[in-house]
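Q: I would like to learn how to read the features of a model. Can we take them in turn, general idea and then case?

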Amino acid sequence: MTFNTLSYFFFLPASYLAFYLTADRWRWLVLLLASYGFYACLKAPYLLAVLFAVTTISYCVGLKIAQVEPESLKRRWLFGGCLACIGTLAAVKCLPLLATRGGTSGTLISVGVSYFSFQAVSYLADIYLEIEEPERDFGRFALYLAFFPKLLQGPIERGGDLLPQLKKPYRFDYDTARSGLVLFGGGLFKKVVVADWLGLYADQVYNNVHDYTGVSLLVATYAYALQIYFDFSSYTDMARGTARLFGIELTENFNAPYRATSVAEFWRRWHISFSRWILDYIFKPLQLSWRHAGQLGSALALVVTFLISGLWHGVGWTFVIWGLLHGSYLAASNYYRPYQKRLYQWLGVARSPWLSWWKIFVTFHLVSFAWVFFRANTLSDALYVARNLFDLGGSLSAYLTLGSKPFYRDLVLMGVGENKTYLQLLCIALVLALKKAGQETRSQPALRWVYYLATALACLNFGIPNINKFIYMQF
Amino acid sequence: MTTAETLEQIFRMVFDDDSIEIRPDLTANDVDGWDSLSHVNLITTVEAKFGIRFTQKELLKQRNVGDLLTDIDRKLAEK
């Protein structure tokens, strides 16, 4: 069951009703049962066992870290706890690979395991660093790891942000509930009307890269860059909207990432909860350990951090190269940044408003180039795309020639030429134009209702059927 | 010269800004150019100037200049 399936539209109201009708002191139990029930719907009972195991380990180890002395023993408990959580994650992720290589089909899925394991690690590290106190209430701690809106795909919540909210009494507030539903509806629109539509084209091209060249590959790469953003941020919106119904505020995971003026800024705007996690628990410890190597130490720490991030996304060369590309972009920027500033001053463009647009353009293309490796099915596909992506001159004339196969094929894929698609684009423009008015409590009721109706009608009429998965669930 | 005065001099040198005045609640958000790279420069300069070495836990726990000052004073007292 995912947020964009019919069963969720029964599950959510039923859970909310049970939560609303229950006395405050038992509401955590309703949410915990709903969360385990939500996870059980994936029909993989071992996942429930993994969730319970990680919960029990991190709960006990958290108490132990706070209790034991001396420092060396605390550190041993921290490493032991983290190793158990990450080891469980690695086992769940690698077992299907081993099963496939052994000749049997890899049917195990690991949906959600990364996210609650990372949360458990951050919880243990924060106790060790004395940033947080250990949670003594096992039930609420279990809910902290299992809370269903963020269970499958994050955001990765810190103990200090979520645990106190799970203890607060719930009071119904019309404006909060309304804004939660509007956020959920906006997320659903982004997923079924925008992301899945872009995915039709990106998937077709990336699953058959050798049939395409130049412009088609470039358009598919742009389409994928937008698809992954809309797909992932839509999930976050729906997660945050759902949580808000229950009076819980989850972390905002995206802040207009493609408006970033540097790759470093992109990572402060993209998958924010994960970026904070790798920054705090991988990059900083590495960088501080290698601090006496100066700039080289920081550059190495960046490359290693993003290499690990790539390997987390998948054990394969495409993800390794994606991670190394981002690590290299960031490491290189440490060296060229001072010269870049001087160059802009020398050219007299340091204060030009066009400079920001130029930086946004360059950053978007650096990130999109890395997406080629992230999306391609194999390394040879990725290298083919990278080699042919810039063959624009040769392919453009063929692309624009009416009657050429790729031209029609691309247009049909996007639905261009059909009246329905023009109406869909009009609807997307209307929803985007009214987004602010639709989400604000104090805006004109008429504008708000036009936004609600446009969103609902678009989801019902233009949604791509039978796509129930979100890209980031596989990680 | 007190620890705070020496630390203020280090801040001015690392961030190339003679107007910086440190206070216990000062954080990276308050100083222009205080990013992860300049933080490493700051820490290595502090360690060299005071002849101390922080543990990784101490560095990861520090949230503001007040925490840094407390750790420097404790390290100096232990010497």
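Q: In chain A, what share of contacts between residues at least 6 apart in sequence join residues at least 24 apart?
A: Two residues are in contact if their C-beta atoms, placed from the backbone, lie within 7 Å. Among contacts in chain A between residues at least 6 apart in sequence, the share that joins residues at least 24 apart is 70%. The model is predicted: local features need pLDDT of at least 70, side-chain atom pairs count only at pLDDT 80 or more, and totals for chains, interfaces and linings use all residues. Residues are numbered from 1 along each chain as its sequence is written, and chains are lettered from A and ligands numbered from 1 in the order in which they are written.

Q: What does the secondary structure of chain A come to?
A: Helices (H or I, at least four residues) and strands (E, at least two) are DSSP runs, numbered from the N terminus. Chain A has 19 helices and 0 strands.

Q: What percentage of chain A counts as buried?
A: A residue is buried if 20 or more other C-beta atoms lie within 10 Å of its own, exposed if 12 or fewer, and partly exposed in between, with C-beta atoms placed from the backbone. In chain A, 40% of the 475 residues count as buried.

Q: Which residues of helix 6 of chain A are buried, and which helices do they pack against?
A: Helix 6 spans residues 138–146 of chain A. Its buried residues are A:Phe141, A:Ala142, A:Leu143, A:Tyr144, A:Leu145 and A:Ala146. They pack against helix 2 (27–40), helix 3 (45–67), helix 5 (113–128) and helix 7 (159–167) of chain A.

Q: At what angle do helix 2 and helix 3 of chain A pack?
A: Two packed helices are described by the angle between their axes and the distance between the axes. Axes are lines fitted to C-alpha atoms, for helices over the stretch in contact, and angles run from 0 to 180 degrees between N-to-C directions. For helix 2 and helix 3 of chain A, the angle is about 140° and the axes are 8 Å apart. That makes helix 2 of chain A oblique to helix 3 of chain A. Angles under 35 degrees count as roughly parallel, over 145 as roughly antiparallel, 65 to 115 as roughly perpendicular and the rest as oblique.

Q: Which residues of helix 2 and helix 3 of chain A meet?
A: From helix 2 of chain A come A:Tyr36, A:Tyr39 and A:Ala40. From helix 3 of chain A come A:Leu47, A:Leu48 and A:Leu51. The residues of this contact divide into 6 nonpolar, no polar and no charged. Ala, Val, Leu, Ile, Met, Phe, Trp, Tyr, Cys and Pro count as nonpolar, Asp, Glu, Lys and Arg as charged, and the others, Gly among them, as polar.

Q: Which domains does the assignment give for chain A?
A: Domain bounds come from an automatic or database domain assignment. Chain A has domain 1 (6–170) and domain 2 (177–414). Their centres, taken over C-alpha atoms, are separated by 28 Å. The contact takes 21 residues from domain 1 of chain A and 19 residues from domain 2 of chain A. On the side of domain 1 that touches domain 2, helix 1 (6–21), helix 5 and helix 7 of chain A each supply at least two residues. Helix 5 of chain A gives the most to that side, with 5 residues. The residues of that side divide into 12 nonpolar, 5 polar and 4 charged.

Q: Where in chain A is the cis peptide bond next to A:Pro70, and where is A:His271, with its positive phi?
A: Most residues other than glycine have a negative phi, and most peptide bonds are trans. The bond from A:Glu69 to A:Pro70 is cis, with omega near 0°. A:Pro70 lies in the loop between helix 3 and helix 4 (71–101) of chain A. A:His271 has a phi of about 45° and sits in the loop between helix 10 and helix 11 (272–289) of chain A.

Q: Is A:His271 buried or exposed, and what of B:Asp16?
A: A:His271 is buried, because 21 other C-beta atoms lie within 10 Å. B:Asp16 also has a positive phi, near 50°. B:Asp16 is exposed, with 9 other C-beta atoms within 10 Å.
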